[in-house]
Amino acid sequence: EDLPGVTEGFELYDTDMQTILADVSFRNFDRPGDVCIMDMTHSNIFKQQGMFHSAHLQFLGTPYEKRFRHVERYACSSYHNDDCKNQCGKCPGLAGSSQTSSIIDDG
């Protein structure tokens with residue numbers, strides 16, 4: 001086949017921009033590892049808020065659990081040089097961006 005082994009439709013990324021997806025159809029995200037939308041959970045410093053809006057998304061041939069993936073990341077595993085990096089005893093919980101990630105799907 002000419003398909004990649006895993007398909008990731010859209011990954012939220014940059015905190016300095018706003019992304020709007022409107023009238024988008026995600027189709028046949030039904031294989032192991034596939035996901036339509038992934039959140040951004042890389043940091044204690046940068047947190048996504050008000051950066052993603054969507055309307056009228058369709059998920060055709062796509063199981064509910066493949067619509068959105070939250071990547072759980074712990075504070076001590078941050079990509080950035082903050083006070084928690086590599087300090088799992090001091091910062092045992094989730095990264096700040098992992099704590100604020102959510103999506104509403106009334107579909």
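**View 1. Ser-54 in strand 5 of the predicted model.** Strand 5 spans residues 52-55, and Ser-54 lies within this run. The relative accessible area of Ser-54 is 38%. Ser-54 therefore counts as partly exposed, since that class lies between the 20% limit for buried and the 50% limit for exposed.

**View 2. Thr-19 in strand 2.** Strand 2 covers residues 19-22 and includes Thr-19. Thr-19 has a relative accessibility of 11% and so counts as buried, because buried means under 20%.

**View 3. Contacts of Thr-19.** Leaving aside residues up to four places away in sequence, Thr-19 touches Phe-10, Met-51, Phe-52 and His-53. Among these partners, Phe-52 and His-53 belong to strand 5, which comprises residues 52-55.

**View 4. Ser-54 and Thr-19 together.** In sequence, 35 residues separate Ser-54 from Thr-19. In space, their C-alpha atoms are 8.3 Å apart. Thr-19 is buried at 11% relative accessibility, whereas Ser-54 is partly exposed at 38%.

**View 5. The protein chain around these sites.** Read from the N terminus, the order of elements is β-β-β-β-β-β-β-α. Of its 107 residues, 33% count as buried. For contacts between residues at least 6 apart in sequence, 78% join residues at least 24 apart. The accessible surface of the chain is about 6900 Å², and carbon and sulfur atoms account for 49% of this surface.

Notes:
Residues are numbered from 1 along each chain as its sequence is written. This is a predicted model: local features need pLDDT of at least 70, side-chain atom pairs count only at pLDDT 80 or more; totals for chains, interfaces and linings use all residues. Side-chain values use heavy atoms; hydrogens and water are left out. Helices (H or I, at least four residues) and strands (E, at least two) are DSSP runs, numbered from the N terminus. Buried means under 20% relative accessible area, exposed over 50%, partly exposed in between (1.4 Å probe, protein chains only). Contact means heavy atoms within 4.5 Å. Accessible areas come from the Shrake-Rupley method with a 1.4 Å probe; for residues, only the protein chains shown count as cover.
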